[in-house]
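User: I would like to learn how to read the contacts and helix packing in a model like this one. Where do we begin?

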Number of protein chains: 2
Amino acid sequence: MNSVAIVGVGLIGGSFGLALRKAGFAGRIIGVSSAATIEKALRGGVIDAALPLAEASAGADLLYLAQPIQQILETLDVVDAHVRPGVLITDAGSTKAMICEHAAARIRRGQFIGGHPMAGKESRGVEQADADLFRGRPYVLTSREPQLESWIERIGARLVVLDAAEHDRLVALVSHLPQVLSTALAATIGEQPEAAQVAGPAAADFTRLAVSPYDIWRDIFATNAAPIDAALGAFIVRLEHLRPQLRSAEMEHAFEKAAAAARGLRKTS
Amino acid sequence: MNSVAIVGVGLIGGSFGLALRKAGFAGRIIGVSSAATIEKALRGGVIDAALPLAEASAGADLLYLAQPIQQILETLDVVDAHVRPGVLITDAGSTKAMICEHAAARIRRGQFIGGHPMAGKESRGVEQADADLFRGRPYVLTSREPQLESWIERIGARLVVLDAAEHDRLVALVSHLPQVLSTALAATIGEQPEAAQVAGPAAADFTRLAVSPYDIWRDIFATNAAPIDAALGAFIVRLEHLRPQLRSAEMEHAFEKAAAAARGLRKTS
């Protein structure tokens, strides 16, 4: 692998560039991004050079699409014409089924493997890029590919291979459902202005996600609506089931099961 | 105020003793607790002496009930016979309506003011007692009482006066509802063993409360079931309302409202 083109040099794309370099990648790292981002990325040593998508794609052995989901879909519409036959194309989008279906229809000369590095920061942008962002974090691939797997391990991430639908079902549960719950709780509390004066750490923890910018979530909801709706439906059923148990001994059993699950999550995450 | 009796010298009772002392209280602090706790409290300098409830109550100007809720109710059943007329009695229970009703029926010679210091730590016990535990935290009183208000301010807490029913309605929303949501989410995720491998910070934040010990929550659910059920009901209605909005522009509006509420919570808490 002599040349990598990173399309979308933000927090994730920039961190992937820095992480590759730190892991010993000696080839060229080309950035495809807006002029303002490219300037920052060059200044920060995140990329070696910048090119438009067509030229960057023509020279790359690996194309890394780290744009917002909608833009990844648009890049997949046009990029295949530019790449060398057999080139690896992967992405960093937070949902996988729609992207993988799109790639299956559009990518003929390249080989597409869906990816989802489960890492992030509260602030975005290439200024926040960090060679250690992926260290110890799960990195999902939708199929096996030895070269990609090897770099994922070298940047310190924890490889998880899941098919796209299964990925989307699981992240709906562990990531998208918490976001919707946080938004719903903040909105509910927000309608009771007196509640803020007695809000403690529980409310703060639970509404932290509610300040997330909608522009990221628009794409996630648009491309993973059915699994999120299913997760929400299952969660509502569980809440309805818990309501009559509040005063009963069954609640103790529910607490024990939940505590064991929560401890299990802490062991693996 | 020459003598304070702290009934239940755990994290909260012990911290109240230390906080009083640090704030300049020069009188005697008597502990009423189990032998094992008393030994630790004396060794830690949290109390000056220990007495059984009847004797401690007979000499106290302020009785501070910092036991679990059920035990507070039991103490209220018996303590009035022992206190001097006009003595102040307050408590630190997490729900207020049932305790205040109980006190109204049982306390004749003393004057009862319900209290809820909204502070805590992950670990409990007098070993964790901390003179600064209440600093900057809300401290709810169910009615005004100048002497008590003055000490609450001197220990650095933020006084909030709320009637008992309003307190219970608000904490159901900002504290008890998040606990039930956390328990429900951990249980839901726990049923999908593959989910743990892709769980990130969102799942960890949201299931942190799910490891809470049930013994505290049994009393909270038993004494605040109706407001919690109402909060859960309202939350379920909101979730059902959000489901069809996932793919629509209304979701952006919901996000904006929730983000504003979440930022508001951060300003006051």
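Analyst: Begin with the word contact. Two residues are in contact if their C-beta atoms, placed from the backbone, lie within 7 Å. Keep in mind that this is a predicted model. Now a case across the two chains. V180(A), A184(A), A187(A) and T188(A) of helix 7 of chain A meet A234(B), F235(B), R238(B), L239(B) and L242(B) of helix 9 of chain B. Those contact residues divide into seven nonpolar, one polar and one charged.

User: How do I describe the packing of helix 7 of chain A and helix 9 of chain B?

Analyst: Two packed helices are described by the angle between their axes and the distance between the axes. Here the axes come within 10 Å and cross at roughly 125°. Helix 7 of chain A and helix 9 of chain B are therefore oblique to each other. The crossing of this pair is right-handed.

User: Helix 9 of chain A also packs on helix 9 of chain B. At what angle, and how far apart are the axes?

Analyst: The angle is about 165°, and the axes are 11 Å apart. An angle over 145 degrees counts as roughly antiparallel. So helix 9 of chain A and helix 9 of chain B are roughly antiparallel to each other. Their crossing is left-handed.

User: Which residues make that contact between the two copies of helix 9?

Analyst: From chain A, L232(A), I236(A), L239(A) and E240(A) take part. From chain B, the residues are L232(B), I236(B), L239(B) and E240(B). By class, the contact has six nonpolar residues, no polar ones and two charged ones.

User: How do I read the relation between whole copies?

Analyst: Two copies of a chain are related by a rotation about an axis and a shift along it. In this model, a rotation of 180° with 0.0 Å of shift along its axis superposes chain B on chain A, with an RMSD of 0.0 Å. The two copies are thus related as by a two-fold rotation axis.

User: How many residues of each chain are in contact with the other?

Analyst: There are 74 residues of chain B in contact with 74 residues of chain A. On the chain B side, the elements giving two or more residues are strand 8 (138-141), helix 7 (164-190), helix 8 (201-207), helix 9 (214-242) and helix 10 (250-268). Helix 7 of chain B gives the most, with 17 residues. That side of chain B divides into 49 nonpolar, 12 polar and 13 charged residues.

User: Why do we say that the copies meet through the same surface?

Analyst: Because 100% of the interface residues of chain B are also interface residues in chain A.

User: Let us turn to packing inside one chain. How do helix 4 and helix 5 of chain B lie?

Analyst: Use the angle and the distance again. The axes of helix 4 (residues 69-79) and helix 5 (residues 97-106) of chain B come within 9 Å and cross at roughly 10°. Helix 4 and helix 5 of chain B are therefore roughly parallel to each other. In helix 4, I69(B), I72(B), L73(B), L76(B) and D77(B) meet I99(B), H102(B), A103(B) and R106(B) of helix 5. The contact residues divide into six nonpolar, one polar and two charged.

User: What does chain A look like as a whole?

Analyst: Chain A has 10 helices and nine strands. Its C-alpha trace spans about 65 × 35 × 30 Å along the principal axes. Of its 269 residues, 52% count as buried. Among the contacts in chain A with a separation of 6 or more, 67% are between residues 24 or more positions apart.

User: Now single residues. Is G115(A) buried or exposed?

Analyst: Count the neighbours. A residue is buried if 20 or more other C-beta atoms lie within 10 Å of its own. G115(A) has 24 within that distance, so G115(A) is buried. G115(A) sits in strand 7 (residues 115-117) of chain A. Leaving aside neighbours within four places in sequence, G115(A) is in contact with T90(A), D91(A), A92(A), Y139(A), V140(A) and L141(A). G115(A) and Q147(A) are 32 residues apart in sequence and 13 Å apart in space, C-alpha to C-alpha.

User: How does A58(B) count by its C-beta neighbours?

Analyst: A58(B) has 14 C-beta neighbours inside 10 Å, so A58(B) counts as partly exposed. A58(B) belongs to helix 3 (residues 53-59) of chain B. A58(B) and A81(B) are 23 residues apart in sequence, and their C-alpha atoms are 9.0 Å apart in space.

Definitions and conventions:
Residues are numbered from 1 along each chain as its sequence is written. Chains are lettered from A and ligands numbered from 1 in the order in which they are written. This is a predicted model: local features need pLDDT of at least 70, side-chain atom pairs count only at pLDDT 80 or more; totals for chains, interfaces and linings use all residues. Helices (H or I, at least four residues) and strands (E, at least two) are DSSP runs, numbered from the N terminus. Ala, Val, Leu, Ile, Met, Phe, Trp, Tyr, Cys and Pro count as nonpolar, Asp, Glu, Lys and Arg as charged, and the others, Gly among them, as polar. Copies are superposed by least squares on the C-alpha atoms of residues with pLDDT of at least 70 in both. Axes are lines fitted to C-alpha atoms, for helices over the stretch in contact, and angles run from 0 to 180 degrees between N-to-C directions. Angles under 35 degrees count as roughly parallel, over 145 as roughly antiparallel, 65 to 115 as roughly perpendicular and the rest as oblique. A residue is buried if 20 or more other C-beta atoms lie within 10 Å of its own, exposed if 12 or fewer, and partly exposed in between; C-beta atoms are placed from the backbone. A crossing is left-handed if the near helix is turned anticlockwise from the far one by less than a right angle, and right-handed if clockwise.
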